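These are my notebook entries on a single protein chain. I set down what I looked up and what I found.

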Amino acid sequence: MFTLAEVASLNDIQPTYRILKPWWDVFMDYLAVVMLMVAIFAGTMQLTKDQVVCLPVLQSTVNSKAQPGTSGKADFTTVETTTGQGEEASMRTVSFGSAPTVTPDVPLSRATSSQYQPTESGQELKKEQKDSSGRKTNLDFQQYVFINQMCYHLALPWYSKYFPYLVLIHTIILIVSSNFWFKYPKTCSKIEHFVSILGKCFESPWTTKALSETACEDSEENKQRLTGAQSLPKYVSTSSDEGSPSASTPMITKSGFKFSADKPMIEVPSVTILDKKDGEQAKALFEKVRKFRAHVEDSDLIYKLYVGQTVIKTVKFIFILCYTANFVNTISFEHICNPKVEHLIGYTQFECTHNMAYMLKKLLISYISLICVYGFICLYTLFWLFRIPLKEYSFEKVREESSFSDIPDVKNDFAFLLHMVDQYDQLYSKRFGVFLSEVSENKLREISLNHEWTFEKLRQHVSRNAQDKQELHLFMLSGVPDAVFDLTDLDVLKLELIPEAKIPAKISQMTNLQELHLCHCPAKVEQTAFSFLRDHLRCLHVKFTDVAEIPAWVYLLKNLRELYLIGNLNSENNKMIGLESLRELRHLKILHVKSNLTKIPPNITDVAPHLTKLVIHNDGTKLVVLNSLKKMSNVAELELQNCELERIPHAIFSLSNLQELDLKSNSIRTIEEIISFQHLKRLTCLKLWHNKIVNIPSSITHIKNLESLYLSNNKLESLPTAVFSLQKLRCLDVSYNSIALIPVEIGLLQNLQHFHITGNKVDILPKQLFKCVKLRTLSLGQNCITSIPDKVSQLLQLTHLELKGNCLDRLPATLGQCQLLRKSGLVVEDHLFDALPSEVKEVLNQDTSIPFANGI
């Protein structure tokens, strides 16, 4: 027999798994333990007591001596057995005459066997009646033991013999069926992770903090809002068409465009303080829950396995009940045995008694009762499994009771596990739901962020930019720290890759803030914060992937001067900008668009009358339709870069106020249309660099007011004389072409200050070049120049001279007479500089602070 300790391991599960065992599983486990005890008790009794006891039936004596219906002689009455449904069988009696038989007086060696010895004559029978009350047989002890063993296997029903073992096997099968889902590898791993995460979520300080703040949020929200609003500095709008915005200002609606601003939220000190370690653990839990959900929600193996094992237990219950009911009456106290060993013993039939019959029958009835209760619980479990959709779980009650209205509903195995947890304690799933909420995660990030990014730390990250403005750049944070808005002297704020950025009303303290950068950062603003930005913000940079990422409030900043949009403005429906018009930006002067446009969006032309500078960087997409440029009458600077233009667009010639035109990185081959620039009286700067221009037409002379001409990175082989007729030209850049000769007419450009011819094939420098005495920058690098004339000393204003990459043997000593030239402005090989006279090197090495300009 098995002991209870030996089979206990089958029902051994981790104590932490108890949260996944509903009341019916716990009750069935106890029923299984009781059934196991029944099996062990029955088996123990069967091993410690005699199995059966058998006596021979004296058939020959009965047939020869017994006379039915007489009472004079000793008559042998056959055994009578009375049986009834549900009753114990009556014992057989053997009587001689009218007196019942009793146990005979036998020798001590045979006292353990009820033996009867037959007599051969009536005289001897009468004598035996006087000496004893029974009859002796001719069997000894070993023969009785032999008969008892044979009759145990032949006469006793199999159910009486194997009842304890059957109960033990059935119980083990039921125990295994109940806990198989905890043992199966593919479900055990998920359950183990779930229980581990659930316990950590239940005990996490962040769970307590989030739920406690939720509980008091509704009751204190209005009070906090009122007290907080009074502590903020009141902001007075300077807008001429609207009054002072306040926290109660309704949402702005303009031209069918709805601006949805977040309601003002006043931060109140938290009830509990979450230290850094707890915050890090809570952030790790959010990540674990997210990954576990993705791993478990895609299958329903745990649910199917639990349903399967419940069905198996139900089928097992029906099977046990059916066959046990048929065998309950086979357990009897008396049995007739015919072992067919007459040649060994001399008797053919034996009567046997089963000593355990009464007790086994009682145990069987108890076992059937336990099985019935077990089966009814299995049926209830099946009813529960199919009554409600267990593969769907809703946190509706949790959403109603808390501020975390974004807790998602879950499905499949994740939902089933939560349903099982609810049978243990619904508080577990409620606290677990906190870690499914993005709102909760964002609140945690805010707290952790504010702990990490203090005012002192942010102050260390403030720097001065090229415009000598105080600038703060925040990159890849979970949000915007509150301490940022305490930097009241900040001029430029850059927010990059901060998906949950929120701009609160505290930004109204930053009175110096005029420039804001949002790089992949769809920031949300509160109503008061928007009113402040609308009146104070002058420059806004927005970098995005899709047009939907552009914050809605951007198009309502009426006092905005500069707007930079970098991202994809095209859509499948050929809508350039998927929002309302830019017409509300009445004061916009500079618009910079870096995208992949096929035409200039009509939304841009809505603000065309106000624009003074338009920049379009098209990233290689061909810009086809340009007629809308004609509406931009006030544009002074126009840049159409990388737009795959093959000619100068005719629409440009209508821009009478145009002063600077930049057509960089296009596919322009000819510029014959340049004659039309004579109508642009204010054009002073023409940039045609990084194209495929082969020659410059002589009609360029008609651009009388041209001061800067950029033709670098083209395919020019010569410079026409017409270029040198532009008397106002101050900057000429023809670098990286194939020019072999600098015309002597260059001396006519008396106002020339910057001349760049780097990367060409020039070998001789004309002396007329040094008549341009106003030259400040002279770039002659990467050519074939063999010598520099001594007349270079005439360039008294020269501050930058590039000679590197030529065929020079020496440098003229007259370089020392260029009073403003210093070694830092002289780009030449080291050995050439070292070959200069010491006095010249001493002059060039002088460190004097002089105004230096290498541009216009």
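**Entry 1: the chain as a whole.** I note at the outset that the model is predicted. I looked up the secondary structure and found 21 helices and 28 strands in the protein chain. The chain has 856 residues, and 48% of them are buried. I then turned to the contacts with a separation of 6 or more: 56% of these join residues 24 or more positions apart. The accessible surface comes to about 41900 Å², and carbon and sulfur atoms contribute 53% of that area.

**Entry 2: annotated spans.** Which residues does UniProt list as "transmembrane region"? The unreviewed entry gives residues 27-47, 162-182 and 364-386. I checked two of these spans against the model. Residues 27-47 are 100% helix and 0% strand, with 30 Å between the end C-alpha atoms. Residues 162-182 are likewise 100% helix and 0% strand, and their end C-alpha atoms lie 31 Å apart.

**Entry 3: aromatic pairs.** I counted the aromatic pairs next; the structure holds 27. One of them joins W23 and Y380, with a centre-to-centre distance of 5.4 Å and 45 degrees between the planes, and is classed as tilted. What parts of the chain does the pair of W23 and Y380 tie together? W23 belongs to helix 2 (residues 23-48) and Y380 to helix 12 (residues 357-387), so the pair connects parts that are 357 residues apart in sequence. I also looked up the exposure of both partners. W23 is partly exposed at a relative accessible area of 45%, and Y380 is partly exposed at 35%.

I examined a second pair, W689 and Y710. Their ring centres are 5.1 Å apart and the planes stand at 45 degrees, so this pair is tilted. W689 sits in the loop between strand 22 (685-687) and strand 23 (708-710), while Y710 is in strand 23 itself; the pair therefore ties together parts 21 residues apart in sequence. Are W689 and Y710 buried or exposed? W689 counts as buried, with 18% relative accessibility. Y710 is buried as well, with a relative accessible area of 13%.

**Entry 4: charges over these rings, and a cluster.** I searched for charged side chains over the rings of W689 and Y710. K664 lies over the face of W689, 4.9 Å from the ring centre. K687 lies over the face of Y710, 5.2 Å from the ring centre. I also recorded a cluster linked by ring pairs, made up of W158, Y159, F163, F319, Y323 and Y367.

**Entry 5: strand 7.** Why is strand 7 (residues 350-354) described as largely enclosed by the rest of the structure? Of its 5 residues, 4 are buried, and the strand is therefore largely enclosed. I looked up its pairing partners. Strand 1 (residues 52-56) pairs with strand 7 in the antiparallel sense over 5 bridges. Within strand 7, C352 is the residue that stands opposite C54. Strand 6 (residues 334-337) also pairs with strand 7 in the antiparallel sense, over 4 bridges. F350 in strand 7 is the bridge partner of C337.

Notes. Residues are numbered from 1 along each chain as its sequence is written. This is a predicted model: local features need pLDDT of at least 70, side-chain atom pairs count only at pLDDT 80 or more; totals for chains, interfaces and linings use all residues. Side-chain values use heavy atoms; hydrogens and water are left out. Helices (H or I, at least four residues) and strands (E, at least two) are DSSP runs, numbered from the N terminus. Buried means under 20% relative accessible area, exposed over 50%, partly exposed in between (1.4 Å probe, protein chains only). Contact means heavy atoms within 4.5 Å. Accessible areas come from the Shrake-Rupley method with a 1.4 Å probe; for residues, only the protein chains shown count as cover. UniProt positions are given in the numbering used here, feature names are shortened, and annotations may be inferred rather than shown by experiment. Rings of Phe, Tyr and Trp (its six-membered ring) pair if their centres lie within 6.5 Å; planes under 30 degrees apart count as stacked, over 60 as edge-to-face and the rest as tilted. A charge sits over a ring if NZ of Lys or CZ of Arg is within 6 Å of the ring centre and within 35 degrees of the ring normal. Two strands pair if DSSP finds at least two bridges between them.
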